[in-house]
Amino acid sequence: MNTLALNIFELIDRLEGSRSLEHSEFVRLLSDDISPDEALYLQHRARFITDRIFGRNVRIRGLIEITNVCRNDCLYCGLRKSNSSLRRYTLTVGEILSCCRLGYEAGFRTFVLQGGENPGLTADRIVETVSAIHKEFADCAITLSLGEWSDNDLELFREAGAARYLLRHETINSAHYSRLHPSEMSRDNRLRCLWTLKRLGYQTGTGIMVGSPFQTVSNIAEDLLFMKELQPEMIGIGPFIPHSATPFAGYNAGNLDLTLRLISILRLMFPGANIPATTALHTLHPQGRDRGLLAGANVVMPNLSPTGIRKQYSLYDNKKSFGAESAEGLAKLASQLEKINLFITTERGDYKNV
Ligand code: SF4
């Protein structure tokens, strides 16, 4: 098929109507030669759908980075075990609960527990943590983002009260996956976890980095088709940003416009999904957060982690924070968002099946 012959406006309308396209059509939509008018049309359609489903509301999630210890060595990640420059930490259950209390007071009704795959953080300890949060904050959603676990462990976390799980697949293409990860890691195990999460009834999140080394537009189109199959309830899309202590230190960061375009495409594909304007987007560009929201994102995830450890959770260089961890911080975020006619909502904000 001559992909250049495909009319972009028509593709956008078809995507909105049928919620998917062929691989070659996605490639066309992601190509460099899309015009500013076409890109703007895509963004307007995505924001129109976002407004129709969520209004002008932005959902907030309180991010708690519970450990920066990781047994893995992903080539793009600053937490990789080979990075000896980090002071490693693991928060206690009591410290995590303190973060939740601070967040609850400020209005947060979702807590996202994120961390590396820490061999010292056993399934029992996670069950204990989730149970304690669930007991004290019964009206809040608990989201886990703790990497790959056995089916049995994922079930235990669900029974303890975790409602959502974020696990980016990063790339569905096996050859690309093996260039981003060490040989001990397997794409298929990641997929096994994702399908298990769906089966267990988690609101399941996946996603990719845009512009990761060796990624092609064709790879991204494959990722979109995979997501169409998985039907995630949450989608995390952020630009790749290099970390100086990784083998990818010398690679360029991902492209802002392409990341925004993908957010818009995903909004048209998954109208009711929770899609954050990620910290990486905010780090890449001073207006990244706002532009992500205007492109169809509906979530921001301010950091509730203790301030003393934040620098140690170094996924990539110069990682920014939304600075809204306190009630005052949240008020500041609210006034920034009001400038683009968006408003923070403190609802729990579950997936909307539309
Ligand atoms: S991406 Fe996740 S699993 Fe890989 S090194 Fe970083 S924290 Fe560990």
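**Exercise 1. Determine what share of the contacts in the chain with a separation of 6 or more comes from residues 24 or more positions apart.**

Solution. Two residues are in contact if their C-beta atoms, placed from the backbone, lie within 7 Å. Among the contacts with a separation of 6 or more, 77% join residues 24 or more positions apart. The structure is a predicted model, in which local features need pLDDT of at least 70 and side-chain atom pairs count only at pLDDT 80 or more, whereas totals for chains, interfaces and linings use all residues. Residues are numbered from 1 along each chain as its sequence is written.

**Exercise 2. Describe the overall make-up of the chain: how many helices and strands does it have?**

Solution. Helices (H or I, at least four residues) and strands (E, at least two) are DSSP runs, numbered from the N terminus. The chain contains 13 helices and 9 strands. Its radius of gyration is 19 Å, close to the 20 Å that the globule rule gives for 354 residues, so the chain is as compact as a globular protein of that length. The radius is taken over C-alpha atoms, and the globule rule is 2.2 Å times the number of residues to the power 0.38. The C-alpha trace spans about 60 × 45 × 35 Å along its principal axes.

A residue is buried if 20 or more other C-beta atoms lie within 10 Å of its own, exposed if 12 or fewer, and partly exposed in between, with C-beta atoms placed from the backbone. Buried residues account for 46% of the 354 residues.

**Exercise 3. State the order of the strands in the open sheet of 6 strands, and find which strands stand at its edges.**

Solution. Two strands pair if DSSP finds at least two bridges between them. The order is S2-S3-S4-S5-S6-S7, with parallel pairing. At the edges stand S2 (62-67) and S7 (234-239), each with a single partner strand, so one side of each is left without a neighbour in the sheet. From one strand to the next the twist averages 20°; for such angles, axes are lines fitted to C-alpha atoms, for helices over the stretch in contact, and angles run from 0 to 180 degrees between N-to-C directions.

The pairings can then be followed across the sheet:

- S2 pairs with S3 (residues 110-115) over 5 bridges, and Thr67 has Gly115 in S3 as its bridge partner.
- S3 pairs with S4 over 5 bridges, and Leu113 has Leu144 in S4 as its bridge partner.
- S5 pairs with S6 over 3 bridges, with Tyr165 opposite Thr204 in S6.
- S6 and S7 are joined by 6 bridges, and Met209 has Gly238 in S7 as its bridge partner.

**Exercise 4. Decide how many residues of S4 and of S6 are buried.**

Solution. In a regular strand the side chains alternate between the two faces of the sheet. In S4 (residues 141-145), 5 of 5 residues are buried. One side carries Ala141, Thr143 and Ser145, the other Ile142 and Leu144.

In S6 (residues 203-210), 8 of the 8 residues are buried, so this strand is largely enclosed by the rest of the structure. Gln203, Gly205, Gly207 and Met209 point one way, while Thr204, Thr206, Ile208 and Val210 point the other way.

**Exercise 5. Describe the open sheet of 3 strands.**

Solution. Its order is S8-S1-S9, and the pairing is parallel. S8 (299-300) and S9 (343-345) are at the edges with a single partner strand each, so one side of each has no neighbour in the sheet. S1 (residues 57-60) pairs with S8 over 2 bridges, and Arg59 stands opposite Val299 in S8.

**Exercise 6. Identify the residues around the ligand.**

Solution. A residue is near a molecule or strand if its C-beta atom, placed from the backbone, lies within 6 Å of it. The residues around the ligand are Cys70, Asn72, Cys74, Cys77, Leu79, Arg80, Gly116, Glu117 and Gly147. This shell divides into 4 nonpolar, 3 polar and 2 charged residues. Ala, Val, Leu, Ile, Met, Phe, Trp, Tyr, Cys and Pro count as nonpolar, Asp, Glu, Lys and Arg as charged, and the others, Gly among them, as polar.
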